[in-house]
Structure formats: C-alpha cells, structure tokens
Amino acid sequence: MSDMRRLAVYIVHYRLHVIGALAATLIVTAVNLAVPKYTGGLVDELIATRSFVVLNRAAFVVLILFGLRSLMMYAQIYLTFYLSHRVTADLRQDLFARIQQWSLDRFAVWQAGDAITRSLQDTQVVQVQLLAGSVDAISTGLMVGGIVVMLVWIDWQLALAMALVIPLVGGMARRVGHEIQGTTVRAQEHVAGLAGLIREAFSGARVIRAFAREDREIGRFQTQNEQSFRANVRISRMVALQIPMVSFLTALGLVVVLWLGGQRVTAGHLTPGLLVAFLAYVGFAVEPAVSLTRHYAGLRQAMGAFGRIRMLLDEPSELREDPAAVALPSIIGRVTFDDVSFAYAPGRWALRDLSLEVRPGERVALVGLSGAGKTTLVNLVARFYDPAEGRVEIDGRDLRQVTLRSLRSQIGLVPQETVLFAGTIRDNIAYARPDASMEEVINAAKAGNAHDFIAALPMGYDTMLGDDGLQMSGGQRQRLAIARALLNDPRLLIFDEATSALDSESEALIQEALDRITRGRTTFIIAHRLSTIRGANRIVVLDQGQVVEDGRHDELVALNGTYARLLRLQWLDAAPAEGAPAPAGPPV
Ligand SMILES: Nc1ncnc2c1ncn2[C@@H]1O[C@H](COP(=O)(O)OP(=O)(O)O)[C@@H](O)[C@H]1O
Ligand SMILES: [Mg+2]
C-alpha cells in the first residue's frame, strides 16, 4: 500500500477539507441511522398512548434531523469534489513538470500516447473512483456498519439470520472487482495505442499518402480499436452483473426477515414497531451494500490507475544537477573531451575513449558515416547526457559541476529537424528569452538571413505559426531555427546536419549566414556538404565512436584515409555552388 502513502502526500495539503468532509459524513450517517429506530419506537408509543402531542413532537424532530442532514450533505459533496479535483490538478501538474525534467533518453523509453493517457485519463479515474469515491465509500461503510449495529441492537437473533447473506455479497464483490481491475488495465493500454496511431496519422500523413499505406493504418487502428471495445464490453458485463445480483440477494434477506420476524412478533419476542424498524434498516442497507461493491471495484480500478501514474512520476532521470553546481561564467569557448566513453545501451559504445581539444573560436566540422557518433558528441557538449567514463569540459570546467541552465543558455543549437511552436514568428525566435526586445529579435533574424522573408509577410513578425498558422518551407524554418539559436549571442554554436535536407537556394543563403555568424565563435558543424566542411578551420573524422582523422581538408585528402574514401563515395556532397552536380543526399 505504498501507493496509498504516496497519494496521501497530495491529500495532506488539504487536510481541513478532508476533516470537514468526514465530519459532515459522520453527521449525515448518524441521522440516517437514528431515524428508523426513532420512528419504530414512535409507532409503539403511538399504539400505546394514541397521543397527538407525541405525534407532533416526533414530526418536528424528524424535520429538524432531515434539515440538518441536507445541510451536511451539501458540505460533504462540495468538499469531496473540491478535494478530488484539486488533487487531480496537482497530480497532473507534477506529471508534466516531471516530463519537463526528464533527460532526453527517457523520451526514447516512453511513448507520448502512453504518457498522455496516464496524465489525463488515469488521473481522472483516480479522481472519480478514489478521491471522490472514497468519501462516499467511507460514508457507505459507516452506514452499513451502523445498520449492522442497529440490527443487533433491535434483535440479535434475527440479525444473525441476516448475517448469512453478507459473506455471499462480499465474496461476489471481490471476484467481480478483481476482474474489472484487470480488464481496465488492458482497456487503458489499448486507448494509449489508439492515441499513438492518431498522432502518427498526423505526423506521418505525407509518408502514409506517399506509400499508399492508408489501408494498413486503418487496419492497425481497427485491431486496437476492436480490442479496446472488447475489453470495455467485458467491464460493462461485470458492472451489469453486480447490481442485479446484489439486489436479488437483498430481496432474499427481506423475505427471510419478514418470515422469521413475523414469527417472533407472534411469539411476543419483538414489538411490531421494532419489526418495522428492522425491515426499514434492511431496506436501507440495499443501496449502501450495492454501492459498496461498486466502490470496491472502483477502488481497485483506481489503484491500478495510480500505479501507472506513479510509474510516470517515478521515472528516474539519469541526469542530475549537482546540488553544489555553480553557474558557468561567460563562455570563452574551449571545449575538451578527455577520454570520453558513452553508451545509450550497456556495452554498445557510441563513443569510445575519445579525446578532443577544441580551441576558442575554432570552427570544427564533424564528418563520418551515419551512426559514427557525431550527434552523440555534440549531445555531450550540451550535456543532454553525461559520459559513462571521462570528462567533458568547457573552459576547463567539468560540465557536471555547472548548472544546466547556465550551460545551455550559452549554447546555440540548430538541430536537423526544426521545431516551431504554436505562436508568432517573434515568439518562436525569442523562445529562449520571451522578454527579448524587438531589436534583438530582428538582429537575430538578420544574422540568420531570415529577416527579408519575414518582413515580406503581410503580418511580418506577428505572423502566426503552428498547426493552423502559416506553413513554411524547410529553408525558411531552418533560418528561423538559426535566428532562435543566435538570440542569446552564444559563444558556442552547434549545427547538427542543419543544411542536409535543403534545396540549393536555401543552402546558399544558410551557408552565407553560417560563414558570417560562426566567425569568432566556437562552432561544431555536422554536415555532408563539401562547401560547409571546407569552410571549417578543422575537420574531425569520426568512425565507430572514435576520432580517426583530424586536420584541414587538403591534409586529409593527402592522407588518403577515411576522409578521402568518404569523398570518393560522394558521402560528402560537392555543393551546387561549386558547379558540381548535386547528388542525392546521403541517408541520415
Ligand atoms: N537515442 C538513442 N538510443 C540508443 N542508441 C542510439 C541513440 N542515438 C544514437 N544511438 C546509437 O549511437 C550510435 C551513434 O549515433 P549518432 O551519434 O546519432 O551517430 P551520427 O550522428 O554520427 O549519425 C549509433 O550506433 C546509434 O545507433
Ligand atoms: Mg546524427
């Protein structure tokens, strides 16, 4: 039950609400329990006295009691729902904050659809079944317990006869509850699968159309959808079974009471008024007993859901900030790899004993076959991961000793795939610093060769981007990405195949921007274009996670090694600007 303890942490913040709801519940239950016994005694008193005074007094008391009960019900229901929605909102907030703190490797482990289901749907199950449900469950539990006490009080022998029915109801509730929980877990997994397929229908729309695989996608969706349907029908069948079975068992109990109780009244062991009260209590027990079984099933369902939420909450992040970490001072630009090894999966080295020293302001081109470790190397510079062995340093400081924020805010990263967020062009360029001045934004756009095309748009920098905004070409997106990376005027720039997938005109514009903005800044450029690579001060050739060659273009050609072979294989494209025909880009 450590899940319960974990959830309690969230609830404890609102303990006044909990206490209020419980107090109200207690009063409501007490009134519910008192009324039948009171009216039962009244019937006997009326038979004996035939007094209107007694009747009037009783009517007044019952009215007051029910008035009080209504007031307390309002408090109970309102506080319960407030609590449940509040805790659910807190849970969701924590889940999202956790995901924002994940190191990047976590995103390979988790599917977005799965995380969405856990954050939205599972939290809702917890809200309805556990948080709102539990006060209800406590109140019905109290009610059922109280009814048992009242039954024993009125006539324990008759109550004993009733007790035979209770294990039947309890046993059935357990079995059905187990079944419902197991099936719910499966149903939720299918929904997560559906979410993933819908997302792919959007993100992969072009590819799906291009390869004419619509039918396959529809088929995959149908398989998941049908499995989800079957699981839900199974749950419905269990729920449908629960209620009629319980009410039939209760009817059985009532008949037993009537039959046995009638005999006891005739024999003089029980007054008629108390038999009426006894019957009223048994009738009263029907609804709580039914909802108690439902609560039991709901509670199990909610614990399953919370278990899934917890897995997401507790997902370990490999990358931790040292509590003693200090802010990295303004970067000068020396980057050192000292005997660095790194593996995404144990034993499969992406970088192996790699040492590299990059001087401030140096422009380094990283070259190598796909999978050689180029992206991994620059990932370590931005500390998306920590090396398994060795150290990565900037200006002589181990990256593990500086704060992530101070490090990353001084690095400009332009990835191959440009991510634009819903918002204006200005918002997207100023993503790193929303309070940047318009002048800073325009300067960054000019440096990235993006200003001219932005200024030509009717809305200029206020043009909306995103799902229902302007769609831009690859080259335009890439230039926005460069402007975004330049906003903070970083001393250290990283371009990861930023120009690989562009047409020649965009390529020329970006190349011109690159030559200009990388001057005086330490730069890592991962590229296949010969024009880009030639412009570098230094070419570092990677193969299977190791530096195999390091030098200038002419030197490496003369060496006639890996670099020369990549050139011959046209792995390194001659840029169109140099008059050579542009071969198809290499696979990435
Ligand atoms: N997120 C990841 N999880 C597991 N393995 C990865 C991941 N990213 C890269 N790799 C592996 O690490 C090696 C180096 O990859 P990478 O640095 O992306 O190469 P490059 O950028 O040179 O193409 C490859 O063997 C690749 O399969
Ligand atoms: Mg790469």
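Predicted model: local features only at pLDDT ≥ 70, side-chain atom pairs only at ≥ 80, totals over all residues.
1. **Ligand shell.** Ligand 1 is surrounded by Tyr344, Ala350, Leu369, Ser370, Gly371, Ala372, Gly373, Lys374, Thr375 and Thr376. By class, this shell holds four nonpolar, five polar and one charged residues. Helix α11, residues 374-381, gives the largest share of the shell, three residues.

2. **Polar contacts of the ligand.** A polar backbone atom of Gly371 is 2.7 Å from an oxygen atom of ligand 1. For a polar backbone atom of Ala372, the distance to a ligand oxygen is 3.2 Å. Thr375 takes part through its side chain, where an N or O atom is 2.7 Å from an oxygen atom of ligand 1. On its own, ligand 1 has 560 Å² of accessible area, and the protein covers 60% of that.

3. **Lys374.** This residue belongs to the ligand shell and is placed in helix α11. Is Lys374 buried or exposed? It counts as buried, because its relative accessibility is 6%, under the 20% cut-off. Leaving out residues up to four places away in sequence, Lys374 touches Leu366, Val367, Gly368, Leu369, Glu497, Ile526 and Leu542. One of these, Leu369, is also in the shell around ligand 1.

4. **Largest nonpolar core.** This core has 33 residues. Which of them touch the most other members? They are Phe337, Val381, Leu492 and Phe524. At least two core residues each come from β1 (335-345), β2 (348-358), β3 (363-367), α11, β4 (389-394), β9 (492-496), β10 (522-526) and β11 (538-543). Strand β2 supplies the largest share, five residues. In soluble globular proteins, nonpolar side chains tend to be buried together.

5. **Val381.** Val381 is among the core residues that touch the most other members. Beyond four places away in sequence, Val381 touches Val335, Phe337, Ile394, Leu399, Leu407, Ile411, Leu492, Ile494 and Phe524. The residue range of helix α11, 374-381, ends at this position.

6. **Second core.** A separate core of 25 residues is also present. Leu493, Ile517, Ala536 and Leu556 are among its members.

7. **Ser84.** Ser84 sits in helix α3, residues 52-101. Its relative accessibility is 0%, so Ser84 counts as buried. A polar atom of the Ser84 side chain lies 3.1 Å from the backbone oxygen of Phe81. Not counting residues up to four places away in sequence, Ser84 touches Gln127, Leu131 and Ala132.

8. **Positive phi at Ala212.** Most residues other than glycine have a negative phi. Ala212 is not a glycine, yet its phi is positive, about 50°. Where does Ala212 lie? It is in the loop between α8 (205-210) and α9 (214-266). Ala212 is exposed, because its relative accessible area is 54%, over the 50% cut-off.

9. **Positive phi at Asn449.** Asn449 also is not a glycine and has a positive phi, about 60°. Its loop runs between α14 (438-447) and α15 (451-455). Asn449 is buried, because its relative accessible area is 17%. Ala212, by contrast, is exposed.

Definitions and conventions
Residues numbered from 1 in each chain as written. Chains lettered and ligands numbered in written order. Heavy atoms only, no water. Near = heavy atom within 4 Å. Polar contact = N/O pair within 3.5 Å; in protein donor to acceptor, adjacent residues only side chain to side chain. Areas by Shrake-Rupley, 256 points an atom, 1.4 Å probe, with all protein chains shown as cover. Helix = DSSP H or I, 4+ residues; strand = E, 2+ residues; numbered from the N terminus. Nonpolar A, V, L, I, M, F, W, Y, C, P; charged D, E, K, R; others polar. Core = buried A, V, L, I, M, F, W, Y, C linked by side-chain atoms within 4.5 Å. Buried < 20%, exposed > 50% of the residue type's maximum accessible area, 1.4 Å probe, protein only. Contact = heavy atoms within 4.5 Å.
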